[in-house]
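Here are my notes for you to read next to the coordinates.

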Amino acid sequence: MASPLELFRKKQKVLMVPLTILALFAFIVMDQLTPAQFPPIAGMLFFGFVFWYLGRDRGKGIQFAAVGVIIGFFVGYLYIPRVGAETVVKSTAGNINEREYQEMLHNRNVANQFIMRSYMASLTEEEQQRPQPPRGAMFGFGREMEDDIILEFLFRKEAEKMNLVVSDDAISNYISRYTNNKLSRKAFQNTCKEMGMTEGQLYDIFRDQLQARLAFQMLRPEVSLTPDQYWNFYKKFNVRQELELVALPVKDFEAEVPAPSAAEKKAFFETYKAVFPGEKGPGTPGLRQPQKVQVEYLMADYEDTEKQVPPVTDKEIAAFYEVNKERLYKNNPIPDLPTGSTVPTAPELPAPAGPQPSQPVDASKPGASEKPAKAETPAQPADPAKPKTDPKPEPASKPEPEPEPKTEKKEESSALPFQSTTFVSLLDEKPAGTPVVAPKPGAEAAGAKPEATTTAPPPLEPYRPLNDDLKSEIRDQLLRESTLELMKDKISDAVMFMNELSDKITNPEEGVTPPTPEEATKALKEYAAKNQLIYNITPMMSAQEMSESEKYPLGTAKEPTINQFAAQPRTAIEQLFETPVNLVYMPYEAEDSFSSGLLCYWKIKHVDATIPKFDDPEIDQQITAQLKLEKARPLAQKRAEELKKLISGDKEMTAAIEGQTITGKKEGTELSTTTTESFSWMRTSTANASNPFSMPRPELSSISAVEGAGNEFMEQVFDNLDDGEVGVAMNADKSVCYVVKVINRIPSTPGGLTAMYQEFLKEDMFFFFSPYLPMAQMEQQQTNYEWSQELEAKYQVEKYFEQVEGPEVVAQ
């Protein structure tokens, strides 16, 4: 009989086998598991081992282990929601945990990606070369992604309260509408297959998205503008003024601010880590990092392309002249008259009845002072019974009264008497019947001839002659047309190449390895060199950095307008930042009016807005800079109020500030005044002047002497100051404080304003090209934004995003 020690050693050997296997499994397999996969597997292993041990002595270890594995799986599965499910949003409508947020984000991206893919699948091969993304089809509410997903959640809750249901037919109609009923059943199925989605899954995702959108459309407040609001719009465009001002940069006062302590930095970080700069008002601080993209593009430059165009020959110039001379080069000084009309000529006037005010009489001719013949007055109808006799002159004492002229004559003539009216040709010809000025006394006696009338110059040539000037003009026109045509052909071919490369990256054929990002970049560079295009790649850039960049033309580029009557073209920045984060390697086309270049581009990386980390050195610098700026701003405003008191009254600003410095200290920079040009509050943008049919875009006027004048600055100088008054105004980002004096406003009197109001009453405020319609749209957008904030306040939304970062999406 074995001793107890031997029995213990045997059991120990038996236990070591499964424990060793379990250790190897944990080391090799469980290290590769995600947090969501770990609980079920850990439960299966734990309960499987426990049940195996309990059944081993009964000879049923395997059966017991199988039962333990099943129990462990269910226990672990129930534990999953507590792992990685930290609440990121709390509200009275319900909470959103990290997993739910990521799922909603994924569904939004799937829906938008399907829209783009199915839209492209509905186009013909020719249309796919210059695709125009479907307007209004993409889902979203125009906010940052986190806020946008929260609004989708709240709108769905509102839709459920209204019992708002989206049917399958409504989803089918929506897809048919943005694809113009061109998406075939086969193309729809292929798109689903490419995305790894079933039709049912796709319809469920679209159902949620459409339900939220319908609730938004039904509940959002509609803006109805009053006549007084339109009058304010009108004044913003038409009231103009000039300013004399003094600038006080806030940075000049930072030397008076002590360095912030570590506690101040930490408190500032916690307050503003999830806030964008300017989110809580113009110039307000913020540390949250905006979305950033990296872009590759090919560009056809005008000057480079012009060198590739063959020289224009004299033969081409002559041929162009012959084809277009009737339309472009016809000499036609007199406008064409309607059919049946004739060129007016001088009328055949009767002999003058006597001296007329505008017609001097030649006194040397006999009968010049005689009375006019009877024929010059309306004749009485002749009586056939009476014989014809010569008319006898009437006695001088009893002159026969002349009949009144008929009113018909006056209505048919000009304001002058008919006899005094002549027509003057454009060539200064003297018409027939023009009175001749009497010669100077003694001229006839000396044998001098009467002064000759001016003769008409020879008739104009029917067309402009094809001389050197016109040849040069035609040569420049043909060269420009050929250059633009070559640029369009180059970019069209480049877009086709990028589309083919995009298909290889995002939809590789079965068994084919897709190109890596490095291989795609190499292919683009080789294509650019071969086709004499410019290749470039940007660093990771935010929308603001891109719009302010002078190196990369994407900030001022917009999509080409094929239909001149279409809506406002989308800018490249909108295409890049308003499309889903994971929608990369999708080619777009754009034109840049400033560099006269055509581009095709795609984004290769897109990082969503992120909340920074406190220990990041770059963030530490931002905290210090923003804290010092916040504390220096009141010092600048205080100094501005001191200068305002010096200038107020009838004093000249230059004389009032003589000898003064920016900070008020002797060693500071001496102040100087600047006078602005005449400006209005708003103006219409000329950025889209290449499209004469696009709706004008209203924007704040730029003032050369003011760094970024914002709405608050304009409100202060236009609404709060009268002509001749002095005040204090900050620029948009509150980096400069200005002391301003209104020196010339038009209109500046009540009478002038009344006259302007009369002009306003005649204005068509609702004409398509009126700048006041976009102003009304901006009011609607601002109302939508404020309403969405009220909705979040209604449901008491609290956000707890610690790190919501979109992946740096690249092709794998």
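1. Start with helix 6 (residues 145–161) and helix 23 (residues 772–794) in this predicted model. Their axes come within 11 Å and cross at roughly 70 degrees. An angle from 65 to 115 degrees counts as roughly perpendicular, so helix 6 and helix 23 fall into that class. The crossing of helix 6 past helix 23 is left-handed.

2. Which residues make that contact? On the helix 6 side you'll find Asp-147, Ile-150, Leu-151, Leu-154, Phe-155 and Glu-158. Helix 23 answers with Trp-787, Ser-788, Leu-791, Glu-792 and Lys-794.

3. Next, have a look at Asn-163, in the loop between helix 6 and helix 7 (168–178). Its phi is positive, about 55 degrees, although Asn-163 is not a glycine. Is Asn-163 buried or exposed? Its relative accessible area is 64%, and anything over 50% counts as exposed, so Asn-163 is exposed.

4. The other helix pair to check is helix 15 (residues 468–506) with helix 16 (residues 517–530). Here the axes are 11 Å apart and the packing angle is about 160 degrees. Angles over 145 degrees count as roughly antiparallel, which is why helix 15 and helix 16 are described that way. Helix 15 passes helix 16 in a right-handed crossing.

5. For the residues in that pair, helix 15 brings Lys-490, Asp-493, Ala-494, Phe-497, Met-498, Leu-501 and Ile-505. They meet Ala-520, Ala-523, Leu-524 and Tyr-527 of helix 16.

6. Gln-532, in the loop between helix 16 and strand 5 (534–537), has a positive phi near 55 degrees and is not a glycine. Then there is the peptide bond from Ile-746 to Pro-747, which is cis, with omega near -5 degrees. Pro-747 sits in the loop between strand 14 (736–746) and helix 22 (750–762).

7. Strand 14 also pairs with strand 3, in the antiparallel sense over 10 bridges. One of the pairs to click on is Pro-249, whose bridge partner in strand 14 is Val-736.

8. What else does strand 3 (residues 240–249) pair with? Two bridges join strand 3 to strand 10 (residues 679–680), running antiparallel, and Arg-240 stands opposite Ser-680 there. Strand 3 also has two bridges to strand 9 (residues 674–675), again antiparallel, where Glu-244 stands opposite Thr-675.

9. Strand 1 (residues 87–90) is joined to strand 2 by two bridges, and Val-89 has Ile-96 as its bridge partner in strand 2.

10. Finally, some overall numbers. The protein chain has 23 helices and 15 strands, and 36% of its 812 residues are buried. Taking contacts between residues at least 6 apart in sequence, 74% join residues at least 24 apart. The chain exposes about 49,700 Å², with 55% of that supplied by carbon and sulfur atoms.

How values were computed
Residues are numbered from 1 along each chain as its sequence is written. This is a predicted model: local features need pLDDT of at least 70, side-chain atom pairs count only at pLDDT 80 or more; totals for chains, interfaces and linings use all residues. Side-chain values use heavy atoms; hydrogens and water are left out. Two strands pair if DSSP finds at least two bridges between them. Helices (H or I, at least four residues) and strands (E, at least two) are DSSP runs, numbered from the N terminus. Buried means under 20% relative accessible area, exposed over 50%, partly exposed in between (1.4 Å probe, protein chains only). Contact means heavy atoms within 4.5 Å. Accessible areas come from the Shrake-Rupley method with a 1.4 Å probe; for residues, only the protein chains shown count as cover. Axes are lines fitted to C-alpha atoms, for helices over the stretch in contact, and angles run from 0 to 180 degrees between N-to-C directions. Angles under 35 degrees count as roughly parallel, over 145 as roughly antiparallel, 65 to 115 as roughly perpendicular and the rest as oblique. A crossing is left-handed if the near helix is turned anticlockwise from the far one by less than a right angle, and right-handed if clockwise.
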